[in-house]
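Here are a few friendly notes to read alongside the model. Please keep the view open and follow the points in order.

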Amino acid sequence: MSSPVCEAHVAVGSCAIVLRAFDQEMGSILSEVARAYATAEASSARYPVCTLGLIGPVSAGMGSGSWKELGVAWRRARHSLKCSSYDALRNWRDLCSFGEPVDRSILLFRSISHQQLDYYCLVPLDTLRRAFDPVAWVIHAVKLLAVLLHSGNGGGAFHASGVARHGYGYMFLGPSGAGKSTAAELSRHMSGEVIHDDQILVTCEGGKYLISHQYLPQTHRLRNIFTLVQAGENRLRRLSTREAALTLTNSVLEY
């Protein structure tokens, strides 16, 4: 593929992702996305560094070989939306053959470069809808990629609040309204640091679990997980293995 016009290294939990753009329009989007994340050095990532190329519908300078063919197929698929449904489906099928789909709804694919940790995201701009936010689109793709990488390494993303205290991390699970945000906020009064009150990334490293938030590279060793249930009195009970597994499963985030 041709050299990118710009790139940015961002930290997402325990991942380092290199965002790459191949034209000025995608470069502007990349800059906006990068501002939402902490910068990352490759040496600080706990997982191997991966790349995410941003491909617009009129990207120029796509290089040669398969990447050039990808650019042609992307433009053809975009224009085919004005054609018959058969042509549109055929062209979108041809486009999707250039990579292994990670999530078709966000047009995120494992790259045709045959490198395990190379990915690309198609950014439709005005193709799919009138009110389209390309920055939010790419941020969502970055989230999906981070969850994929964490899940593949024994971790995942959870609907939970997280607190760091005295060097350890604590997670609070439960349905909406159970008190996850309240528990996190109350922890501030006990020398606690709120990691996030709604979404937590979990990393597995050397048999130990670490928690963080997607926009923060700092991690904290997970010490305890609490499931919150509203009741008339305060009490603490250890869950059975089955109860714990069910609670964790129900708390997994699906982007």
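1. Start with helix α1 (residues 24-35) and α4, which pack at an angle of about 60° with their axes 9 Å apart. That makes α1 oblique to α4, because angles under 35 degrees count as roughly parallel, over 145 as roughly antiparallel, 65 to 115 as roughly perpendicular and the rest as oblique. The axes are lines fitted to C-alpha atoms, for helices over the stretch in contact, and angles run from 0 to 180 degrees between N-to-C directions. Helices (H or I, at least four residues) and strands (E, at least two) are DSSP runs, numbered from the N terminus.

2. A word on the basis: this is a predicted model, in which local features need pLDDT of at least 70 and side-chain atom pairs count only at pLDDT 80 or more, while totals for chains, interfaces and linings use all residues. Residues are numbered from 1 along each chain as its sequence is written, and side-chain values use heavy atoms, with hydrogens and water left out.

3. Which residues of α1 meet α4? They are Ile29, Glu32 and Val33, and on the α4 side they meet Pro134, Val135, Val138, Ile139 and Val142; contact means heavy atoms within 4.5 Å.

4. Two strands pair if DSSP finds at least two bridges between them.

5. Follow β12 onward: 5 bridges join β12 to the antiparallel strand β13 (residues 208-212), and Val202 stands opposite Ile211 in β13. The two strands form a hairpin with 2 residues between them, and Gly206 in the turn has a positive phi of about 60°. On to β14 (residues 220-227), which pairs with β13 in the antiparallel sense over 2 bridges; Ile211 stands opposite His220 in β14.

6. Finally, look at strand β9 (residues 161-165), which runs antiparallel to β10 (residues 168-173) and is joined to β10 by 5 bridges. Gly162 has Met171 as its bridge partner in β10.
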